Amino acid sequence: MQILSRKLLTLLIILCGLAQTTWAYADYSSSERWFNQKPEDDRFLIQTSLILLGHYRASSDGEFGNYTFQAITAFQKAIGERPDGVLTIAASNALLQKSSAIFQELGMAVVKDQRGQMSMVIPEAVLSREADTRRGSAYFNADNSIRLETITKPFSEQSYNALYRSLSASTAARKVTYKYYAEDAFVVSGVREGRSFYIRMSHTPGESTGFSLEWVPARNELASMLAVFMASHAYPLAFETEENFTQAEANEQSKPTNSAPQSQTASPPKGTSSGSGFFVADNGVLVTNQHVVDGCSVIRVKGFGDAKLITSNDEVDLAVLQLLKPTPHPVAEIRTSPVELGEDVVAIGYPLASLLNSSLTVLTGIVSSETGLMGEPRWFTTNVGLQPGNSGGPVLDEYGRVVGVAVAKINDEVLLASTGNIASNVGFAIKGDTVSEYLSIFRLPDASVSTDEPKSTKELVELGRKFTVQVICEVN
């Protein structure tokens, strides 16, 4: 089960954008491949944006199906693009702009309703009034034409199954038009006394917890969208601890065994650690590894001051930071074309800060494999000799474009214990196209095709030092 707090964080930065692609033609199968190759948060975000625009009529779950395909093609038709199921850069930007405008217009905000034991994203500009109810809280507009209520019902009063049976039964005054039941949650919708309603309840320890939304016919378009949106972004507070535990347990079970080489990416549990990063936008936006800033109480960018975490993704191990007080600075250009075996590369960063006194360090080498550890397709292997502290720093091609982000090196001790050998200078970098796709939410310019002569190592260093920085993580 996905941790919903991350979903909410990702949702709140919808307003930064979506992943993008330049594929031109597709059918259902190609659309499915395009969608499924994206990180989970991006898939979730695409569906959420399509909900806000009224094209997607199901809960955001990151899973591809007919509803997702139909929603994508409906959006493409709406903006006058070929409905092929694969969003172009222009379509992705349009999806971002339109959904972001709706999100802001509705005044979406995260609310933790203690009375109703629900965490929700509520359109406060619409549901501006609030009142206590017997079983939770009510949120409604001035004329009560749209009304949201949180609901808790202890099993001591009525079991989860019995509650479903009663709510899903039609009566003379109440017609049920849709119902869905599962052991963990159920949905019932229909019409009661001329008002449409949507109810979603979850099975939590000791009680049924959820919400109901009802509205008059004149508000059907907005309220129908909100019902689907709420189904994706409302969850019982009881699930917070439970889901964090489930995820931690899953992470523990998924750790690699000593039978295979391991990469060194973990940060110390407390104190101060550091890594590298580089600017990708001129308003103080920079990229680094997620593991560099994971768990930081304070993030500092040496020479620029404090920064805040905008978004991160542990699956691709990337994070985006923004300076609290942006100052002018050069930015890196990211190359999305594939690296080539044997290609010369230069890594710039701040490794072994405690020994090297936070000095910029340059490492040269080649692309030694077009894939990474255990054949990871989003990484490539290099012999530049990466060290702790290089993480998050740029790996440049001979023209000074970023072809990768340093991410890991072989753990020599584990490799020695498991194979009896040591692999000298085996490091890994996240490929430029993966980085570019992740950073596309910030609408970076397309990479140029350089016609210049290759630069010397000295010239590459002078170029790279202008946008490469040391990222310092303080953990209380």
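Strand β17 (residues 361–369) and strand β18 (residues 379–382) run antiparallel and are joined by two bridges, and within this pair Ser369 has Thr381 of β18 as its bridge partner. Helices (H or I, at least four residues) and strands (E, at least two) are DSSP runs numbered from the N terminus, and two strands are taken to pair if DSSP finds at least two bridges between them. The model is a predicted one, in which local features need pLDDT of at least 70 and side-chain atom pairs count only at pLDDT 80 or more, while totals for chains, interfaces and linings use all residues. Residues are numbered from 1 along each chain as its sequence is written, and side-chain values use heavy atoms, with hydrogens and water left out.

Strands β17 and β18 belong to a barrel that six strands close in the order β16-β17-β18-β21-β20-β19, with antiparallel pairing. From one strand to the next the twist averages 45°, where axes are lines fitted to C-alpha atoms, for helices over the stretch in contact, and angles run from 0 to 180 degrees between N-to-C directions. Helix α12 (residues 432–439) packs on this sheet, touching β20 (402–409) and β21 (427–431), and its direction makes about 45° with that of β21; contact here means heavy atoms within 4.5 Å. Helix α13 (residues 457–464) also packs on the sheet, where it touches β16 (344–349), β17 and β19 (394–396), at about 40° to the direction of β16.

A further sheet, which is open, comprises seven strands in the order β3-β4-β5-β9-β8-β7-β6, again with antiparallel pairing. Because β3 (129–133) and β6 (174–181) stand at the edges with a single partner strand each, one side of each is left without a neighbour in the sheet. The twist in this sheet averages 15° from one strand to the next. Seven bridges join β6 to the antiparallel strand β7 (residues 185–192), with Ser189 of β7 as the bridge partner of Tyr178. Helix α6 (residues 160–167) lies across β5 (146–154), β6, β7, β8 (195–204) and β9 (207–215), and runs at about 140° to β6.

Helix α7 lies across β5, β8 and β9, running at about 165° to β9. Of its 14 residues, 11 are buried, so α7 is largely enclosed by the rest of the structure; buried means under 20% relative accessible area, exposed over 50%, and partly exposed in between (1.4 Å probe, protein chains only). Among the buried residues of α7 are Met225, Leu226, Phe229 and His233.
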